[in-house]
Amino acid sequence: MTHHHDTTHMDWNEMLPLLEAGAELRTPLYRQATAWLTDLLPLGGVRRVLDVGSGPGVLSCLLAEAFPYAEVVAVDATPELLARARARAAERGARVTTHLAELPRDTGDLGEADLIWAGESVHHLGDQRGALAGLARRLRPGGLLAVVEGGLPGRSLPRDIGFGRPGLETRLDAASADWFTEMRAAPPGAREETEDWRSLLGAAGLAPSGTRTFLLDIPAPVPDAVREHVTATFSRHRTALADGLSEDDRTSLDRLLDPDDPASLHRRPDVYLLAARTVHTARRVAP
């Protein structure tokens, strides 16, 4: 089966709660990543940070915390997400400003930076190679580009959930991969690209400076916030991936999302959250 093309359209404003909750839950993972960046860059030398594709600003605030002498700029194309980023920064007293920009068109308007964080945003741009080259030109000499792409598919359930065919999440991964392929083909100027991020960063004129993967591990029984996020994530899967799933798997998802079902995500005791994100870094070498 194939997906309907409109399932790849993302209403970022509608997704705001899911984006913010997911990023908040992954805060321990992101703190590890930003701590690693402080090993790669001198704290006093980082004066301006761009968070490209910032969404509601969770990472922007964490970057401001990690680099206390820097102005952090949350960059996004959705005004509602930037409004939430401003509110979030105000709530936390974080040194964060916002910049509305449609990338890659507006890349040249971003100004210079000592650190650019692109967290799962480059894959939404048609020409990933060109986008990286454009971001690389925004770096000051010695500056660092950190691209978050890849990792591992998340896991929240055992292989056998007690009904349906075992391995549901593996089949959701396969449907998600097909969805991702369609999504990648949709942006203007979309180009197929081998996702060798080290090579792509090198082609952008940067010197690769390390890749690391960071783990989030929240075992069962999970707090209510984790359970709510897992349930919201599976609800999105049910909407976006349904055409790529068997009738049996759709029925299993319906049971998992039914709050009155004792075996649903709302009630079952074996829900957990395991996730991994990979950060690829490269530096603009001083002339």
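The model is predicted: local features need pLDDT of at least 70, side-chain atom pairs count only at pLDDT 80 or more, and totals for chains, interfaces and linings use all residues. Residues are numbered from 1 along each chain as its sequence is written, and side-chain values use heavy atoms, without hydrogens and water.

**Overall build**
- The protein chain has nine helices and seven strands (DSSP runs, numbered from the N terminus: helices are H or I with at least four residues, strands are E with at least two).
- Its radius of gyration, 19 Å, is close to the 19 Å that the globule rule gives for 287 residues, so the chain is as compact as a globular protein of that length (taken over C-alpha atoms; the rule is 2.2 Å times the number of residues to the power 0.38).
- Along its principal axes, the C-alpha trace spans about 60 × 40 × 35 Å.
- Buried residues make up 48% of the 287 (buried means under 20% relative accessible area, with a 1.4 Å probe and protein chains only).

**Aromatic pairs**
- The structure holds two aromatic pairs (rings of Phe, Tyr and Trp, its six-membered ring, with centres within 6.5 Å; planes under 30 degrees apart are stacked, over 60 edge-to-face, the rest tilted).
- The ring centres of Y30 and W117 lie 6.3 Å apart with planes at 85 degrees, so this pair is edge-to-face.
- Y30 sits in helix α2 (residues 27–40) and W117 in strand β4 (residues 113–119), 87 residues apart.
- W36 and F214 form a tilted pair, at 6.0 Å centre to centre and 50 degrees between planes.
- W36 is in helix α2 and F214 in strand β6 (residues 207–218), 178 residues apart.
- Both Y30 and W117 are buried, and so are both W36 and F214.

Technical notes. Buried means under 20% relative accessible area, exposed over 50%, partly exposed in between (1.4 Å probe, protein chains only).
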